[in-house]
Amino acid sequence: MRLAKYLALTGLCSRRTATRYIRDGLITIDGRLANHIDTVTLIETPDGAFCRESLLFEGIAVAGIEPKQYWILNKSVGTDCRLLPCDPDSLVHLLPESPRLYPVGRLDKDSRGLLLLTNDGELTQKLMHPDFGHTKTYRVRVDRPYEDEFLHQMAQGVSYKDVTTLACKMSRLSADRFEIVLTQGLNRQIRRMSQALGYKVIDLKRIKIQSLELGTLNEGEMRPLTEAEISTLRSALE
């Protein structure tokens, strides 16, 4: 099996990201830097598939291919989505040792709500790739009441720095709260859009990714997806 495909199947990253990791010299195979034409030899076991070769990512052994797992977490403010064991605020400290789970995208440290966790690298790639335009829904509170013109400007797309955001769906929830549905995933996008129009976001909660809803899951808790949720999510990505 090609190395990049194997890395994606372990859940470490998407295949596209695996290619970048290999290019940047972050992957070693049998003690040498990996290259794009490398392959691995699979060993099938009752607990999953593993490669015969010694495979490291930034000096840490890459796990084998476990059965696919899909969970959601209601992330709290203050949790950092980067998997950094040295950071006490890192998401890694909330995740079980098994199954090994990785976040699909990120919520910044000041935001909360739905975070999808999986070891399915192919699904991660489909959800993250901008060409697919998958929807993510957020509920947001800003620092003061806004006029309807703010909703209109946000929906049309906002320019900041060298970026103009794509059109999105906006709806008012109250004098200072709104719901926004994005098909983009730019860094701190909602905060920067709001700031460009003179408002500061003081609470941001993601409540939905495609058909997957946060529901009544308590903050800081996680649960596996139901078979129906997995089936619906996969169908939406086909």
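**Note on the predicted model**

1. At 35% relative accessibility, Arg 172 counts as partly exposed, a class lying between buried (under 20% relative accessible area) and exposed (over 50%), with a 1.4 Å probe and protein chains only. Asp 148 is exposed, at 52%. The model is predicted: local features need pLDDT of at least 70 and side-chain atom pairs count only at pLDDT 80 or more, while totals for chains, interfaces and linings use all residues. Residues are numbered from 1 along each chain as its sequence is written, and side-chain values use heavy atoms, with hydrogens and water left out.

2. Asp 148 and Arg 172 form a salt bridge, with their closest N and O atoms 3.0 Å apart; the term requires a side-chain nitrogen of Lys or Arg within 4 Å of a carboxyl oxygen of Asp or Glu. This pair links distant parts of the chain, 24 residues apart: Asp 148 belongs to helix 4 and Arg 172 to strand 13 (residues 169-172). Helices (H or I, at least four residues) and strands (E, at least two) are DSSP runs, numbered from the N terminus.

3. The structure holds 15 salt bridges. One of them joins Arg 32 to Asp 38, at 2.8 Å from N to O. Arg 32 is partly exposed, with a relative accessible area of 39%, whereas Asp 38 is buried at 9%. Another pairs Asp 24 with Arg 23, at 3.0 Å between the closest N and O atoms. Here Asp 24 is partly exposed at 42%, and Arg 23 is exposed at 56%.

4. The largest nonpolar core has 28 residues, among which Phe 178, Ile 180 and Ile 190 touch the most other members. Such a core is a set of buried Ala, Val, Leu, Ile, Met, Phe, Trp, Tyr and Cys residues joined through side-chain atoms within 4.5 Å. Elements that each supply at least two residues of this core include strand 7 (70-75), strand 9 (112-118), helix 4 (148-156), strand 14 (177-182) and helix 5 (189-196). A second, separate core has 21 residues, including Leu 3, Ala 4, Cys 13 and Tyr 21.

5. With neighbours within four places in sequence set aside, the contacts (heavy atoms within 4.5 Å) of Ile 180 include Tyr 138, Val 140, Met 154, Met 170, Ile 190 and Met 193.

6. An open sheet is formed by four strands in the order 2-1-5-6, with antiparallel pairing; two strands pair if DSSP finds at least two bridges between them. Strand 2 (32-33) and strand 6 (60-61) stand at the edges with a single partner strand each, so one side of each has no neighbour in the sheet. Strand 1 (residues 27-29) and strand 5 (residues 55-57) run antiparallel and are joined by three bridges. Ile 29 stands opposite Leu 55 in strand 5.

7. Five aromatic pairs are found in the whole structure. The ring centres of Tyr 146 and Phe 150 are 5.2 Å apart and the planes are at 50 degrees, so this pair is tilted. Rings of Phe, Tyr and Trp (its six-membered ring) pair if their centres lie within 6.5 Å; planes under 30 degrees apart count as stacked, over 60 as edge-to-face and the rest as tilted. Tyr 146 and Phe 150 are both buried, and together with Phe 178 and Tyr 199 they form one aromatic cluster.
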